[in-house]
Amino acid sequence: MMARKVLWGVIAVAAGFIVSFVFFGVPPVEFGTSGTIGAAKRYQAEQISKSDVKTGDTELQAFLQSDTFQKIASDKAARTALTSKEFRTAVADPAVRAALATPAVAQALASQAVMQALSSASFQQAMAQQGVQAALASSAFQQAIASSAFQQALASQAFQQALASSAFQQALASQAFQQAMASQAFQQALASSAFQQALASQGFFMQADQAIAR
Amino acid sequence: MACPRGRTPAALVFCASLLAIPAAARAQLAAADTADGTVVYLDPTQTFIAPHVGRSFENALAFHRRLFAYTPSEKITVLLTDFADFGNAAAETVPRDLVTLKIAPLSFAYETFTASERMSYLLNHELVHVVTSDRAASRDRLFRRLFSGKVGPVPDHPESILYMYLTAPRRAAPRWYLEGIAVFLDTWMAGGLGRAQGPYDEMVFRSMVLDGSPFYSPLGLSSELTKTDFRLEANSYLYGTRFMNYLAYRYTPESLIRWVSRTDGSKAYYASAFRDVYGLPLDQAWTDWIAFERSFQQTNIATIRQHPTTPYTDISRQALGSLSRAFLDRRTRTLYAGVNYPGTVGYIGAISLADGSVARLRDIKEPRMYTVTSLAWDPEAGTLFYTADNTAYRDLMALDVRTNREQMLLENARIGDIVYSAAGKTIWGIRAFNGICTLVRIPFPYRDWQSVYSWPYGETAYDLDISPDGQLAAFSLGEINGRQSLRVVRLSALAAGDTTPVARFDFGTAIPSNFVFSGDGRYLYGSSYYTGVSNIFRYELATGALEALTNSETGFFRPIPYDGDSLLVFRYTGAGFVPSIVHAAP
C-alpha cells in the first residue's frame, strides 16, 4: 500500500516536471558560472531579438568598413578621378566592373602608387578610350596589376606621360599588348629604368606599337 | 563580417556612385515615407538601416498612440546622421517635429546606459519628447491656427518664447521633466531594461546619501547643478527619472501619464498641471521624494553592509570628476589618466602614487563627459596615445611624457578603445563608422590603420584589451537583445572572420566593464554591476571561473593589477572618481 503511494507520488512529480518543461521550456545551459554569484534581480520582459532586425546590403557595409575604402574616400586625387565623367563611363562597362571585382585588382587598388596613377589626368584621358577600357577588363591586365613591378611602372612619371599619347593608348588596347602583360618578364621590363627612359622618348610609342602588333 | 584588405567587389563602382553625387552639387539625402513619418538618410551608405528605422519608428509611435491617445499634428521627420563616434539622438517639436539620430554605437561606460537594439531604444525615447511637447489642447490648436503653426524661439526676438508657449506650452517645461518622463517610458517600453532601473542611477543617489551631499530643488537643479557638477546635464536625467519613478510608485503610473499629457482641460504650465493631478504643489512632492529616496538608499546601504565592505586607501586628496582608463608607470610610480572636471578643460593628468598630487600634462580637445578620452600607454617609449575630438570624429594623438611633446598621428580616424601591444609595436582599437564597429590595427609608425574584423550591425564591441603576448583580444560585446558578455578571441582567428571565443562569460544585461589582462595573462580583471553594485571581478581564462573580489558601498571601477593582491581602482563618490588602492582577494 505504502509502495503504491510512493509510486503515485513519483509519477505526480514527474508529470509536474514534464508539464513545466512543455510550458516553460528546459532551463538553458549558459556560458559562465552565473550560479555562483547572485545576479541582481530586476523585472525584465523579453527583448527584441536578432531576427527582428532586418538590414540590407551587408556586402557593401563590409567594403565601407575597410581601410581600402577609407584610403580612396580620403584621397583628394582619387576622389577627383572617381567622380570624373571618363571614369563613370568606364565603370558603366560590365567587363570593367567584372575586372574591378577580381582580388588582384582589389589588392592593387589598396596601393598608394596605383591610386596616384589612377587619379592622374593622363589616366583619366586614357580611360575615355574604348580600347583602353577593354585592356583594363582583360584577364592579362588583372594578372599584371597584381605584380609590384607593374604597379611601380604604373606610378612612374614616364608611364603617366606615355598615357597621354594616343599611340600608346592604341598600343595598350591591342591584343598583343595584353598578351605581353601576362608575361612576368614583360612586367619586370616595364618597371626597369631602361624602359622608363624609353617611355620618355617621343619615338618609342610608334615603334612599340608596331613591335607589339607584329 | 570579415573585412579582408582590399575587399573590393563593386567597390570602385560604388565609390564612383558615392563620390560622384556631390560633384553634381545635389544632396545625397534620400527619403523613405512611413505612415506617419519620413526617414531621411544618406544614400547609399545608410540605406541598409533606413527600413529598420522606419519600422522602429512606427512601433514606438503605435505604443504612444495607445498610451496617450496621441495623433501627430504633422508628419514626423527622422534624420539619420553619422557625425560622431557615439550614438545619441535629439528631438525637437517647434516649429516642426524632427528626430535626429546619431547612428554610431552607444557608449556603455560605467553602465550609465543600458539598452537592447539601439534604433528601437532611441526612437522609443525621442518620440516621448514629441508626444509630450507636440500634443495640443484646444487652446494650443487655436494659437497654432493663428500663427500658422508652432513657433520656434528665435534668439533675436525674445518675444517668440511667448509665442512658442502659446502654441506648444509643454515644450517650455524644464529639462528634468522632459527627460525624466522619456527615460521612465523608454524603460517601460523596453520591458524594464533602461535607466529607470539602472544601477548607475542607484549608485549616484546612494553615494549622495553616504556622502551627505545635498539634494537639489527643481530650480537649483536647472540653474546650478547642471552647470557645476561633473555630470553636468546628465543630472536632469538622473533627478527627473528618480522623481518620475517615485510618483509612479507612490501614486500610480496612470497619474504620471495624466500629468504629462496635454489634453483638453489640462493646465498648460507643467507645475500647474501637477497640482491639478496630484492635489499638492510640485515642490512639496519633490521634498517628499527626497525623504523617500534617503530612506530607500539607507536600506540599500544597510543591505550592502550585511557583508564586510572592502577597505580602501585613497591616492588623490580629492575626487577628480570623470576619469578615463588609467595606466601605471611602475618606474616613476605615476598613474596616467584623462581627467575631466567642471570649470577646467579636460586634460591628460599624471597622478603621483607617492603624494596624490595631480600634474596637468596636456589639455584634451573635446573630452567626453564620462570617459574623457581613450588612452593607451607604451612604457618603453614613454608615450601616451590618446584620442582628441572625442565628441565628433576622434583623432589619434601621441604624447611623450618625458618631453611633453605632442603630435597628431591620425586625424578623424574615428578609432577609440585603443590599446598598445608591445608584441609587434602595434596599437589596436575599435573604429566606429556608419553604425558599425570594426577592430583595427595601427602598426608602427601609427600613420595608417588596417581593418581586421567588422561586427554586424547591432553588435557593439567595447572595452578592448590585448594579452601580454599579443595573441588574444578581450572585449565586451553588447547584442541586439540587450545581452552583454565578456569575450576572449584569438586575433589571428578574428582576422579570418572566426569569432568563436576561446573564453566567454555572459553577464545577462549587466555591462562587463574594462576587463584587462593580468601581467601573466592568466586572469582578466574588470568591474560589473552584476550583483547590483559595481564591484571588481576576476575571470580566470583556463577555468572560466568568475570571482567577486570586492564589496563596495558606492562602486569600484577600472581595476589595474598593482602589487600582490592589491589593485588600483577608481572609487565612486558624489563628486566623481577617486583613485584608490584595495586589497582584493577572492
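Helices (H or I, at least four residues) and strands (E, at least two) are DSSP runs, numbered from the N terminus, and on that basis R333(B) is placed in the loop between β8 (327-329) and β9 (334-340) of chain B. The model is predicted, so local features need pLDDT of at least 70 and side-chain atom pairs count only at pLDDT 80 or more, while totals for chains, interfaces and linings use all residues. Residues are numbered from 1 along each chain as its sequence is written, and chains are lettered from A and ligands numbered from 1 in the order in which they are written.

**Chain A**

- Chain A has 18 helices and 0 strands.
- Of its 214 residues, 30% count as buried, a residue being buried if 20 or more other C-beta atoms lie within 10 Å of its own, exposed if 12 or fewer, and partly exposed in between, with C-beta atoms placed from the backbone.
- Among the contacts in chain A with a separation of 6 or more, 86% are accounted for by residues 24 or more positions apart, where two residues are in contact if their C-beta atoms, placed from the backbone, lie within 7 Å.

**Helix α9 of chain B and what covers it**

- Helix α9 (residues 234-250) of chain B has 17 residues and should span 24 Å at 1.5 Å a residue, which agrees with its end C-alpha atoms being 24 Å apart; the expected span is 1.5 Å times one less than the number of residues.
- α9(B) is mostly covered, with 12 of its 17 residues buried, and among these are Y237(B), L238(B), T241(B), R242(B) and F243(B).
- The cover over the buried residues of α9(B) includes α6 (175-189), α7 (199-211), α8 (218-228), α10 (253-260) and α12 (282-304) of chain B.
- The axes of α7(B) and α9(B) come within 11 Å and cross at roughly 95°, axes being lines fitted to C-alpha atoms, for helices over the stretch in contact, and angles running from 0 to 180 degrees between N-to-C directions.
- The residues of the contact of α7(B) with α9(B) comprise 3 nonpolar, 1 polar and 2 charged; Ala, Val, Leu, Ile, Met, Phe, Trp, Tyr, Cys and Pro count as nonpolar, Asp, Glu, Lys and Arg as charged, and the others, Gly among them, as polar.
- The axes of α9(B) and α12(B) come within 10 Å and cross at roughly 90°, and these two helices are therefore roughly perpendicular to each other.
- Here R242(B), F243(B) and Y246(B) in α9(B) meet W286(B), W289(B), F292(B) and E293(B) in α12(B), a contact with 5 nonpolar, no polar and 2 charged residues.

**Two open sheets of chain B**

- In chain B, 4 strands form an open antiparallel sheet in the order β20-β21-β22-β23, where two strands pair if DSSP finds at least two bridges between them.
- β20 (460-466) and β23 (503-506) of chain B stand at the edges with a single partner strand each, so one side of each is left without a neighbour in the sheet.
- Neighbouring strands of this sheet are turned by 15° against each other on average, direction ignored.
- Within it, β21 (residues 472-478) and β22 (residues 484-490) of chain B pair in the antiparallel sense over 7 bridges, and L477(B) has S485(B) in β22(B) as its bridge partner.
- Another open antiparallel sheet of 4 strands in chain B has the order β24-β25-β26-β27, with β24 (513-517) and β27 (546-548) as edge strands that each pair on one side only.
- Its neighbouring strands are turned by 25° against each other on average, direction ignored.
- β25 (residues 523-528) and β26 (residues 535-540) of chain B pair in the antiparallel sense over 6 bridges, and the bridge partner of L524(B) in β26(B) is Y539(B).

**Backbone details in chain B**

- The peptide bond from D43(B) to P44(B) is cis, with omega near 10°, and P44(B) is found in the loop between β2 (37-42) and α2 (50-68) of chain B.
- R333(B), which is not a glycine, has a positive phi near 50°, and it counts as exposed because it has 11 C-beta neighbours inside 10 Å.
- D417(B), also not a glycine, has a positive phi of about 50°; D417(B) lies in strand β16 (residues 415-421) of chain B and counts as buried because it has 23 C-beta neighbours inside 10 Å.

How values were computed
Parallel < 35°, antiparallel > 145°, perpendicular 65-115°, else oblique.
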